[in-house]
Amino acid sequence: MEAAAGEGGPEALSCFSYNQDCTSLAIGTKTGYRLFSLSSVEQLDQVHESNEIPDVYIVERLFSSSLVVVVSHMKPRQMNVYHFKKGTEICNYSYSTNILSIRLNRQRLIVCLEESIYIHNIKDMKLLKTILDTPLNIKGLCALSINHSNSYLAYPGSTTAGEIALYDGNNLKDVCFIPAHDSPLAALAFNSTGSKLASASEKGTVIRVFSIPEGEKLYEFRRGMKRYVNISSLVFSMDSQFLCASSNTETVHIFKLEHLTDSRPEEPPSWSGYMGKMFMAATNYLPSQVSGMMSQDRAFATVRLNFSGQRNICVLSTIQKLPRLLVTTSDGHLYLYNLDPQDGGECVLIKTHRLLGLEKTEENKENDLQPPVPQTYAATVARQSSGPSPSMMPGYSEDGGALRGEIIPEHEFATGPVCLDDENEFPPINLCRGSQTSKGKRS
């Protein structure tokens with residue numbers, strides 16, 4: 001749920017992304033990055049702003065915690081992990097080539113390079129696995145299940161066809177390869193539980209949904225046949241009932257994941273009903289490619305944007321107890337629409353927010369008045385600890401197991417979500433450092 005934006009003015013967005021549960025928006029600019037809360041329609045609260053790192057092109061927040069990951073064009077091979085409420089750098093890692101994308105859940109941190117993928121344990125940032133020699137992935141396309149109990153990872157398995165490689169991020173092993181499309185992949189997205197995976201190819205005409213981990217096709221939606229488009233955003237609603245796709249055109253499509261044939265009442269005998277049954281029976285004797293096109297479900301709801309050709313990402317979220325569609329654009333605007341979950345149709349624009357030039361809320365200004373803490377990584381690790389170590393939590397040894405080469409049993413981390421706003425549950429700050437090169441385990 002992130003995008004890198006194109007060139008623009010001095011405050012144009014260089015990147016923008018939603019967090020895993022769609023409650024926060026992060027944007028990167030020429031001067032730094034900003035975080036916003038998405039809890040209200042009428043008011044957009046800026047919860048944090050940082051100008052310490054310029055030219056940010058990746059910024060990812062872990063749910064609503066204080067952990068944020070940032071990558072800058074100044075050092076495109078370096079990943080920086082911050083606790084933004086404390087104003088401290090947790091760690092930084094350098095890689096052999098430029099970082100193209102980063103994905104997070106409460107168990108894993110994924111770093112995607114052009115021809116390799118690095119899997120870190122987010123609790124102590126220890127490198128667990130390096131997937132080497134992946135097919136050339138110049139866009140850094142990958143998806144990570146936000147459900148930390150499975151942590152499935154999906155990435156392109158081919159450069160010439162739309163094959164999906166599915167990987168188990170918890171048990172660190174391959175699962176399967178899914179032949180999803182004829183053309184190379186353009187978009188991937190898991191649902192909130194990691195039980196479904198949506199994909200689109202570079203043609204952008206068909207969106208398919210597969211069961212995970214089996215890889216069986218469940219749904220096939222046709223976005224359109226008139227022209228090829230670049231799918232820029234593909235996302236499920238948190239309840240997995242809807243799937244939203246935006247592109248470089250002016251239309252956003254929302255599909256409903258339901259089997260219409262299971263819910264239709266028995267039709268009374270009629271000529272049209274008889275012909276309809278004959279038509280459906282005929283599709284069983286046609287090639288699968290043709291019959292599939294005939295049984296496609298059209299979009300349940302749509303949005304007509306007042307622009308086209310502009311980079312954007314969308315998300316389906318519940319704000320103030322109602323379903324909303326949010327669209328963020330590279331020119332620095334956030335559009336909010338109402339979605340009718342019963343009848344669908346054209347979504348209604350209810351609010352537009354400017355993302356640039358906003359001031360921080362009073363609550364967060366008060367937080368800034370607290371005594372300063374060390375800002376640099378060197379100052380952080382050099383600080384003498386007085387009191388309980390931040391690593392002393394269930395499932396941690398004093399050094400998190402990293403210094404002695406131990407692997408902490410996974411079940412100790414999967415008992416429940418970790419609240420990273422609680423300083424006593426934050427990853428150890430003195431272990432996260434290093435340079436990641438091509439050394440690692442081959443999958």
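Predicted model: local features only at pLDDT ≥ 70, side-chain atom pairs only at ≥ 80, totals over all residues.
The loop between E26 and strand E27 (322–329) holds Lys321. This residue has a positive phi of about 70°, although it is not a glycine. Lys321 counts as exposed, at 80% relative accessibility.

## The five-stranded sheet

A second open sheet is described by the order E22-E23-E24-E25-E29; it has 5 strands and mixed pairing. At its edges stand E22 and strand E29 (345–346), each with a single partner strand, so one side of each lacks a neighbour in the sheet. As a general point, the strands of a sheet pair through backbone hydrogen bonds, either parallel or antiparallel.

Strand E22 (residues 231–236) runs antiparallel to E23, and 5 bridges join the two. Phe236 stands opposite Leu243 in E23. E22 and E23 form a hairpin with 5 residues between them, and in the turn Ser240 has a positive phi of about 65°. On the next step through the sheet, 4 bridges join E23 to strand E24 (residues 251–256), again an antiparallel pair. Cys244 has Ile254 in E24 as its bridge partner, and a hairpin of 3 residues joins E23 to E24. E24 in turn is joined by 4 bridges to strand E25 (residues 301–304), and these two run antiparallel. In that pair, Thr251 stands opposite Arg304 in E25.

How many residues of strand E23 (residues 242–247) are buried? The count is 6 of the 6, so the strand is largely enclosed by the rest of the structure. Phe242, Cys244 and Ser246 point one way from E23, while Leu243, Ala245 and Ser247 point the other way, and all are buried.

## Aromatic rings

The count of aromatic pairs comes to 5. One of them is formed by Tyr95 and Tyr118, whose ring centres are 5.0 Å apart with planes at 65°, so the pair is edge-to-face. Tyr95 lies in strand E9 (residues 88–95) and Tyr118 in strand E12 (residues 116–121), so the contact ties together parts that are 23 residues apart in sequence. Tyr95 and Tyr118 are both buried.

Tyr219 and Phe221 make a pair with ring centres 5.8 Å apart and planes at 10°, so it is stacked. Tyr219 is buried, with a relative accessible area of 11%, and Phe221 counts as buried at 0% relative accessibility. Ring pairs link Tyr219, Phe221 and Phe255 into a cluster. A contact of another kind involves Arg106, whose charged end sits over the ring of Phe63, 3.7 Å from its centre.

## Cysteines

## Backbone details

Most residues other than glycine have a negative phi, and most peptide bonds are trans. Against that background, two further places can be pointed out. A cis peptide bond joins Ile212 and Pro213, with omega about 10°. Pro213 is found in the loop between strand E20 (206–211) and strand E21 (217–222).

Ser151 has a phi near 50°, a positive value in a residue other than glycine. The loop between strand E14 (143–144) and strand E15 (152–156) contains Ser151. Is Ser151 buried or exposed? Ser151 is buried, with a relative accessible area of 0%.

Key. Residues numbered from 1 in each chain as written. Heavy atoms only, no water. Buried < 20%, exposed > 50% of the residue type's maximum accessible area, 1.4 Å probe, protein only. Pairing = 2+ DSSP bridges. Phe/Tyr/Trp six-rings, centres within 6.5 Å; stacked < 30°, edge-to-face > 60°. Lys NZ or Arg CZ within 6 Å of the ring centre and 35° of its normal.
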